[in-house]
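This report covers how two chains pack against each other. The structure comes first, then the packing.

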Amino acid sequence: MEFITQPWPWYVGGPLITLVMITMFFFGKTFGISSTLKTICSIGGAGKVSDFFKFDWQSAVWNLFFVAGCIIGGFIAANYLSPDYAVTLNPKTVESLQSLGIQNPGAEYLPTSIFNWDNLLTSQGIIFMIVGGLLVGFGTRYADGCTSGHAITGLSNLQWPSLIAVIGFFIGGLVMTHLILPHIL
Amino acid sequence: MNKVKFLFAGIVFGIVLTKAEVVSWYRIYEMFRFESFHMFGVIGSAVVLGIICIQVIKRFKLKDFNGQPIIIPPKQKKFWPPLIGGTIFGLGWALTGACPGPIYIIIGNGFLVFIVVFLSALLGTFLFGLVMNKLPQK
C-alpha cells in the first residue's frame with residue numbers, strides 16, 4: 001500500500017498513460033481530451049453561431065464519460081490515495097519560486113495563493129485562471145489537440161503535425177515561464 | 001451502459017495523473033525550467049512505449065474488442081495551426097499548470113476554483129469557432 005500512497009515515479013506514470021491510450025484503441029476510440037470542450041460547446045448550442053460546432057455530438061458523448069471519470073479519479077486519488085499532498089521539487093525550482101514571492105513551494109499540490117476564489121477578481125487571478133483558461137481552450141482547438149491528442153497519441157503514431165504542435169507547446173510554455181511569469185507572480 | 005467503460009478508463013487516468021503529479025502546477029513550472037527529469041520521463045516513456053504498441057497494432061492488424069480493425073486517424077497535415085495554436089496553448093499551460101485533461105482532474109482533486117479555468121477554456125474554444133475562418137489554415 002505504501003507504494004500506492006507515495007507519489008508515483010515517471011516510469012510508472014508514463015507507461016500507465018500508454019496503457020490508457022491503448023485501452024481506448026481497443027474500445028474503438030482515439031485518446032484525446034481537448035475535443036470534449038468543443039463537444040460541450042456544441043451541446044450548449046454553439047452551432048447556432050458557428051458551423052464549427054455543427055457536428056454529430058452524440059458520437060462524441062463517450063468522451064464525456066471519460067472526462068467525468070477523470071473528475072472521479074482525481075477525487076479518489078486526492079482523498080484516498082494521497083496522505084501527503086506535498087510535491088518534492090528541485091531546490092533550484094523552490095528557490096526561484098520563493099524569490100518570486102510564492103510561500104512554501106511544493107508544500108501543497110499547487111500554489112493555492114494564486115488559485116483561490118478570493119484571488120479570482122484580482123489582476124493576478126484573472127490572468128492565471130481566466131486568461132490562462134481562454135488560451136488553453138483557444139490554442140488546443142486551433143492546434144487540433146492537446147497533450148493527450150498530440151504529445152501522447154500523435155507522437156506515438158509518428159505524426160509530423162503533432163511534433164510541430166509539441167514544439168509550439170514548448171515555445172509558449174518557455175516564453176510564459178521565463179519571460180512573463182517573473183513579472184506577474 | 002456500454003459507455004460506462006469509458007468512465008472507468010477516465011477514473012484510471014485521473015488517478016494516474018494525480019499520483020504521478022502530472023497535474024501539479026509546480027511540476028509544469030519545473031518542466032519548463034528543465035530542472036527535473038520527471039515530466040520528460042512521464043511523457044517520453046509514454047511516447048516510446050506508445051510507438052512500440054502502435055507499431056505492433058499495425059504490424060499484426062489487431063482488432064478492437066468489437067472485432068473492428070483499429071484505425072488511428074492521422075492528424076491533418078498542416079503547419080501554422082499546430083505551431084500557432086500549440087504556442088497559444090503552451091502559454092496557457094504554463095499559466096494554469098493544466099492542459100485540458102488535468103483541468104477536469106484538478107477539479108476532482110478538490111480545487112474547485114478550477115471550474116473557472118474550465119469555463120474559460122470552454123469560452124476559448126467557443127471564441128476559436130467564431131474567428132477560425134480569419135486564421136491561417138495551412
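Two residues are in contact if their C-beta atoms, placed from the backbone, lie within 7 Å. Among contacts in chain B between residues at least 6 apart in sequence, those joining residues at least 24 apart make up 47%.

This is a predicted model, in which local features need pLDDT of at least 70, side-chain atom pairs count only at pLDDT 80 or more, and totals for chains, interfaces and linings use all residues. Residues are numbered from 1 along each chain as its sequence is written, while chains are lettered from A and ligands numbered from 1 in the order in which they are written.

**Confidence and chain B**

pLDDT is the predictor's confidence in each residue, from 0 to 100. Chain A averages 96, and 100% of its residues score at least 70. Helices (H or I, at least four residues) and strands (E, at least two) are DSSP runs, numbered from the N terminus.

Chain B has 6 helices and 0 strands. Its C-alpha atoms fill a box of roughly 45 × 40 × 40 Å along the principal axes. A residue is buried if 20 or more other C-beta atoms, placed from the backbone, lie within 10 Å of its own, exposed if 12 or fewer, and partly exposed in between. Of the 138 residues of chain B, 54% count as buried.

**The interface**

Chain A brings 112 residues to the contact and chain B brings 100. Several helices of chain A each supply at least two residues to the side that touches chain B, among them α2 (10-26), α5 (91-99) and α7 (147-156). The largest share, 18 residues, comes from α8(A). By class, this side of chain A has 75 nonpolar, 33 polar and 4 charged residues. Here Ala, Val, Leu, Ile, Met, Phe, Trp, Tyr, Cys and Pro count as nonpolar, Asp, Glu, Lys and Arg as charged, and the others, Gly among them, as polar.

A:Met176 sits in helix α8 of chain A. A:Met176 is buried, because 23 other C-beta atoms lie within 10 Å. Leaving aside neighbours within four places in sequence, A:Met176 contacts A:Leu181, B:Leu91, B:Ala94 and B:Leu95.

**Helix pairs across the interface**

Axes are lines fitted to C-alpha atoms, for helices over the stretch in contact, and angles run from 0 to 180 degrees between N-to-C directions.

| Helix pair | Angle | Axis separation |
|---|---|---|
| α6(A) and α4(B) | about 155° | 7 Å |
| α4(A) and α5(B) | about 45° | 7 Å |

Angles under 35 degrees count as roughly parallel, over 145 as roughly antiparallel, 65 to 115 as roughly perpendicular and the rest as oblique. α4(A) is therefore oblique to α5(B). A crossing is left-handed if the near helix is turned anticlockwise from the far one by less than a right angle, and right-handed if clockwise. α4(A) passes α5(B) in a right-handed crossing. Residues making this contact include A:Val67, A:Ile71 and A:Phe75 of α4(A), with B:Tyr104 and B:Ile106 of α5(B). By class, the contact has 10 nonpolar, 5 polar and no charged residues. The crossing of α6(A) and α4(B) is left-handed.

**Helix α3(A)**

In α3(A), 8 of the 9 residues are buried, so the helix is largely enclosed by the rest of the structure. A:Lys38 is one of the buried residues. The buried residues pack against α4 and α6 of chain A, together with α5 and α6 (114-131) of chain B. Just after α3(A), A:Gly45 takes a positive phi of about 100°.
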